[in-house]
Amino acid sequence: MPLKNTATAGAGGILHPSILRPLCSVPSLLLSLALATVLLSSLFFLRSAPPLLRSSSSSSSSEIPPSPYADRIGVHVAELPRSLNYGLLERYWSSPHPDSRIPADPDHPSRPTHLRKPADYPPYPENPLIKQYSAEYWILGDLETPPGARGGSFAERVASWEEADVVFVPFFATLSAEMQLGRDKGKFRRKEGNEDYARQREAVDLVKGSEAWRRSGGRDHVFVLTDPVAMWHVRDEIAPAILLVVDFGGWYRLDSKSSNGSSSDMVHHTQVSLLKDVVVPYTHLLPRLHLSENQKRQTLLYFKGAKHRHRGGVVREKLWDLLVEVPGVIMEEGFPNATGREQSIKGMSSSEFCLHPAGDTPTSCRLFDAIQSLCIPVIISDDIELPFEGILDYSDFSVFVATADALRPNWLIDRLRSFSEEQKDRFRRNMAKVQPNFEYDSGHQGGIGPIPPDGAVNYIWKKVYQKLPMIKEAIVRERRKPPGVSIPLRCHCT
């Protein structure tokens, strides 16, 4: 019986004309099958071969690798003297004086605060009071990395500010503030004799004197202010800029010496806004615990930190009194030294939930240590703002509790005990997925080298990128205004 005239698709789904004709003999059929077998084998070899075998036109290793991102943010780095960034680190490491704020730890002698050999890119301090704010170091390290190693970065460094989306200000403002606090805290609030203020003044004068600042009024400039007291004396001058902050708590308060709300030192909340600014994570201080390393947790709820805080942190003291005697709950006073770190590692890795109440500001490094420890955060901080919201959903791996509910006797403990093992396992699985998103450290000496594509630096630039339409609109609105007319501050939204 003659075979039916069946149209068959070849490689790529294209119908070959010869296949449309009747296949008149068995030899023809066998020949066609043999040819098809050879073609499929060739395609399989090409698909599975190494990249250089697929195409003779592959790029050499010396060329810049293509970016995985269709759109990147163009970043120009403002010109500042080295003394305001890496030179400041050199000063830190050359000092023989330890930070007076960290209590002595006889079981773990403090590491030396000096380097034996100067480096082009010195390491950031290991002092936990400073390290937790190290975002400035890793962001600049990525921008300083040679172009050939920056293919995975969402930020594209451009030579001209006219071609850039934003201008990054490479001032280590947090390190500057912490060095002053650690060596002469009494002068911090004063300008006279305050080395930090002198550096703030130098950085701001240089940036505000540039053509790039005059073009935009500073609205497209990026400052890293992870320490709540960074740039303390000049905040009103940089308020229009894009501010990278750990939260907005430090921007709401009055000067502690002010007796009324009319103080000239008052920082108005209209200087910060989710419309233009970006909340970034603290640098975690505890090591990452992988999901495969997780073991049975014996403690229900864990907290380690100072009991007494100020302003919004008064809730911490009340919670402490409610919880300290509850079975299955550990409340520990602690300091950020080596012994305290070891206690935190043990406590967080062996507890189901980790308490995160408000302190001096709405958030703290403790939250990100809990995430790295797979300890489900219990967030009791009504005014908290969190990094990367809109990209991440914290309710997938955290428990949020209103302060009023948390302060009701037995309410919080009953709530935590109501979670099933399945629910707690799901929280931890979701937490494991986002652990890399809060990682700054690229693993390269001096922070110079490729960054993790799903790490904190890239997520920060993605959030800045989301702000660009509003920032550009604000620049255009300012330009069209007649001389002598000012736009009122209307940014009261959250």
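Accessible areas come from the Shrake-Rupley method with a 1.4 Å probe, and for residues only the protein chains shown count as cover. With that I looked up the surface: the protein chain exposes about 25,700 Å², of which carbon and sulfur atoms supply 55%.

**Ground rules.** I noted that this is a predicted model, in which local features need pLDDT of at least 70, side-chain atom pairs count only at pLDDT 80 or more, and totals for chains, interfaces and linings use all residues. Residues are numbered from 1 along each chain as its sequence is written, and side-chain values use heavy atoms, with hydrogens and water left out.

**Overall.** I found 17 helices and eleven strands in the protein chain. Helices (H or I, at least four residues) and strands (E, at least two) are DSSP runs, numbered from the N terminus. I then looked up burial, where buried means under 20% relative accessible area, exposed over 50%, and partly exposed in between (1.4 Å probe, protein chains only). Of the 494 residues in the protein chain, 47% are buried. A contact means heavy atoms within 4.5 Å. Among contacts between residues at least 6 apart in sequence, 71% join residues at least 24 apart.

**Cores.** I used this rule: a nonpolar core is a set of buried Ala, Val, Leu, Ile, Met, Phe, Trp, Tyr and Cys residues joined through side-chain atoms within 4.5 Å. Which residues have the most contacts inside the largest nonpolar core? They are L244, L301 and W461, in a core of 86 residues. Helix 17 (residues 456-479) gives this core its largest share, nine residues. A second, separate core has 21 residues, among them L80, V169, F171 and V207. In soluble globular proteins, nonpolar side chains tend to be buried together.

**Strand 10.** Is strand 10 (residues 376-380) mostly covered or mostly open? I found it mostly covered, with five of its five residues buried. I376, V378 and I380 point one way from the strand, and P377 and I379 the other way. Two strands pair if DSSP finds at least two bridges between them. Strand 9 and strand 10 run parallel and are joined by five bridges; H356 has I379 in strand 10 as its bridge partner. Strand 10 and strand 11 (residues 399-400) also run parallel, with two bridges; there V378 has V399 as its partner.

**Aromatic pairs.** Rings of Phe, Tyr and Trp (its six-membered ring) pair if their centres lie within 6.5 Å; planes under 30 degrees apart count as stacked, over 60 as edge-to-face and the rest as tilted. I got 20 aromatic pairs by this rule. Y282 and F368 are a tilted pair, 6.2 Å centre to centre with 35 degrees between the planes. Y282 lies in the loop between strand 6 (278-279) and strand 7 (299-304) and F368 in helix 13 (residues 365-372), so the pair ties together parts that are 86 residues apart in sequence. Both Y282 and F368 are buried. Why is the pair of F353 and F419 tilted? The ring centres of F353 and F419 are 5.8 Å apart and their planes stand at 45 degrees, so the pair is tilted. F353 sits in strand 9 (residues 351-357) and F419 in the loop between helix 15 (411-417) and helix 16 (421-434), 66 residues apart.
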